[in-house]
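Please open the model in your viewer and keep the sequence panel beside it. The stops below say what to select next and what is to be found there.

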Amino acid sequence: MIAIEMKKNIIALCATLCCISAGLQAQKIEYRLNSETGAVNRIAVENDLRNMNWILETDGSQYKWIGQEYGWGLGFFSLVSDGDSVLQKWEKPIEVKTSGGVSVSLYQVGDVRISVERKYAGNDMLEKYVFTNTGKRAIQMTDIGINTPFNDNYPDAATCMQARANAHIWEGGNAAYVNAMHQSGQAPHLGLVVTAGAVRNYEIKERNIRTSSSHARGIIILNPEDITLKPRASYTLSWRLFSHNGTDDFFARLLNCGGIRAYSSKYVYALGETAMLTFESGKQLKNPALYQDGEKLPLKAGKGTYTASAKINRTGETRFELVYDGGKKTQIVCLGISSEEELIRKRASFIMEHQQLNDTSDERYGAYMVYDNETDRIFMNDKPSASYHDRDEGAERMGMGVFLTMYYQKTKDPKVKESLLKYARFVRNKLQDDEYQVWSTVDHKGRNRGYNYPLVANLYFQMFQVTNDRQFLLDGYRTMRAFYNRFGYGFYAICIPAQLSLKLLRENGLNSQADSLLSDYKQSAEIYLKNGINYPRHEVNYEQSIVAPAIILLAEMYLITGDKKYLDGASLQLPPLESFGGQQPSYHLNDIGIRHWDGYWFGKREMWGDVMPHYWSTQSAIAFDLYAQCTGEQAYHHKALNIVRNNLCLFAEDGRGSCAYIYPYRVNGVRAQFYDPYANDQDWALVYFLTLNDAK
C-alpha cells in the first residue's frame, strides 16, 4: 500500500511535466523536415504538453556550434577503393519530395545514391535508408555514420525536467535500439528500434572544453554495419520511432515492432558460475542458434522466449551471440572475474604496494596517489594539464583510503592497518588545517571544495572502526561541521555519512555531537524537500550525481526519524534518477547511469564521451538500496546489486584500476572503446560494493 500511495504522490507532484490519461496511449510521432538539407529538424510527441523537441536544434540557436550539417538523417561513410579510404558525406539533397504522406530525400555521393524515406505506420514514424551503388564497379563502405542528435544535454535542471532526454543506446546489431527516456522520468518517452539492417556501434561528436564541456553529451551518431555493394545493388537500414510510457512499455512495443529483447540474470560472473540468458521475440525466429565466444550452446525455445545457460569458464569479456533468421545477429555481453573476493584482495594489495607514496622527503608521504598503468609508476602530477586538479593527492583519491578501511574490517590484516594509519596522518596533517578545512593538495593552494569534506569525514568514521580511537570520531564530526559552516545546507554533496556518523557518535557517548549533526542533516534535507526536482547547479549543471545524493540523504533521514515527508521527497526524485539508467544487455550499460565527461577530467587520454560505467553510478545503487529499505520494494535492492557488480569491470585481475572506460566507438573521430591508463578515482566503486555485499 505504501508503494501505491507514493506513486500517486509522484504523479500528482509531477503533473505539470507530463501528459497523463488517454494521451499516453498511442501518441503520434510528429516530425518536420529541413527543405534545404532533407534532414529532420524536429521530432515531437503529439499532445505532449511539454512541447519538447527530442532532437537538437541544428540552426545554431541551441548551441552555436551545432549547424544543419548535423541534421537527423544526414551522415557520412568511408569509401574504400584500391586500398585507399576517402571520407564522403551526404548533406545536400538532389531532390526532396513529399507525396501521399511519404517524404523522400535523395542524395548522390559519387557512385552511391542514398534514399531516405519517411512515412507513418499508425502513430509511429518509419525511416528507411537505402544505399545503392549506381556505378560500374563494386564498392566498399566502412565507418558509416547516421546523425541521430538526441536532445541529451544539461543546461540546467529546470530545462532538463521539461525538455531533455537520456538516450540509452544498444548497438545490438540487427536488434539494435534506442530508448530515449525523458529526463524527468515522466512519459511520454521516445523509442527507436531497428527493423532492417544492423547498427554495430555509435559515436559522439562535438565534445571539447571550449564548447559543450561537461554539460552536453554531444552529437550522437549511429554506425550501421560495413557494406559491400555490387553494381546496382542496394542495402537497406530501417527503423521505427514510437512514443512509450516507460521501460516496460518500451520493450513491449519493441517486441510488437519485430525487435528482440535480450537480458541475462546478471552481467558479471565469477569463474564457474552459470549465466542464465534470455532472448524475447514478438515472433517466432527462424533457426535460432546461440554461441558463447564461437562455441554453440543448447537453446531452449518457448512461447516468445529463447533461453540458455552457460558456465563462465574464463576471466574477461564473454559475448553470447544469437544468430537467427538467416544470418541476423544480436548479443548479450557479460564479464568473467576470478571472484569478487579475489578481485577485491588484489586491488587492496595493489594500492598498498604500488599507489602509496613512501618517499619521506616528499610532503605527500603516506598519500594514495594516481597510478599510470602504462609507465607502471605513480603519477606525480608535477606538470599540470587542463585537468590536473582531478589527479592530485586529495579529493576523490580518498576512495582508496575508505575502501581499505572497509577491507580491513573484513580481514583484520595488520599490513592494511599500518598503511591506513600512515594515510590518515597524511590526510589530517597535510590536507586539513586547524579549522578542519579540507584541501585537495598539501600546499593548500588547490580548490577548497565542498565535495571533499564528506569524503574525508567518511574516512575518519571508518578509521574509528579500524582503530577504536575516539579522536577519529571527533575528526569526522568536526570535518562535517566545517562543511556545513563553510558551504551551508543547499550543497548536494556525495557521500554524506548521515546514518554512520550518528550511529557511531551515539554508541560512543558523543550525543551532543550527534544532535548537532542531526540538526545539520535535517536542515539540508529541508532544502532538498523544498527544491524537489529543481536541482541547483554544482560543478556540472545537472547530473545523476546531484539527484542520487538527494535521494540518499532523504531516505536516510526517513530511516533515522520515521518522518514520512522524507520518504515522499525521495519518491518524488526517484523517476529522474531512474531515467539515467538503461537496460541494455551489457555489463557496461545495464542499470548504469549516463556520464560523459570524467574521461577528460580524470583520465590520461583526456577524452570526452560516454564513460560506461563510471564509479559514481554506484551512488544510484546506494539510493536504490536505501529506497528498498524504506519501502520493502526489493526490485530496487537487486538493481543496486547489479550496479555495484557491473562496476567491477574497472578492476583488472592483477589489481590495477582504471578511472574510465570510454564506451563509444569513436569520439570526435578518434577511436575509443578502451580503459583509460590512469588508476585514479575508481575505488569508490569498491566502497559501495562492500557497503551492499558481504565480500570477504
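Helices (H or I, at least four residues) and strands (E, at least two) are taken here as DSSP runs, numbered from the N terminus. This is a predicted model, in which local features need pLDDT of at least 70 and side-chain atom pairs count only at pLDDT 80 or more, while totals for chains, interfaces and linings use all residues. Residues are numbered from 1 along each chain as its sequence is written, and side-chain values use heavy atoms, with hydrogens and water left out.

Begin with the helices α5 (398–411), α7 (452–467), α9 (498–507), α11 (544–561), α14 (617–631) and α16 (684–692), each of which supplies at least two residues to the lining of the second largest pocket. A pocket is, on a 1 Å grid over the protein atoms alone, an open set of points where a 1.4 Å probe fits, with protein on both sides within 12 Å along at least five of seven lines, and its lining residues have an atom within 4 Å of a point. This pocket has a volume of about 690 Å³, and of its 27 lining residues Met406, Gln462, Leu500, Glu556 and Thr691 are the closest to its centre. The largest share of the lining, six residues, comes from α16.

Next, select α7 by itself. Its 16 residues reach 23 Å from the first C-alpha to the last, close to the 22 Å expected at 1.5 Å a residue, where the expected span is 1.5 Å times one less than the number of residues. Of these 16 residues, 14 are buried, that is, under 20% relative accessible area with a 1.4 Å probe and protein chains only. Asn468, which follows α7, has a positive phi near 65°.

Now move to strand β3 (residues 75–81), where five of the seven residues are buried. Strands count as paired if DSSP finds at least two bridges between them. β3 pairs with β4 (residues 84–90) in the antiparallel sense over seven bridges, and Leu79 has Val86 as its bridge partner in β4. The two strands form a hairpin with two residues between them, and Asp82 in the turn has a positive phi of about 50°. Five bridges also join β3 to β9 (residues 139–147), again antiparallel, with Phe76 opposite Gly145.

Finally, select the open sheet of eight strands, whose order is β5-β6-β7-β8-β16-β12-β11-β10 with antiparallel pairing. β5 (95–99) and β10 (165–170) stand at the edges with a single partner strand each, so one side of each is left without a neighbour in the sheet. Six bridges join β10 to the antiparallel β11 (residues 177–182), where Tyr177 stands opposite Trp170.

Notes:
Grid points are joined across faces, edges and corners, and a volume is the space filled by probe spheres set on the points. Buried means under 20% relative accessible area, exposed over 50%, partly exposed in between (1.4 Å probe, protein chains only).
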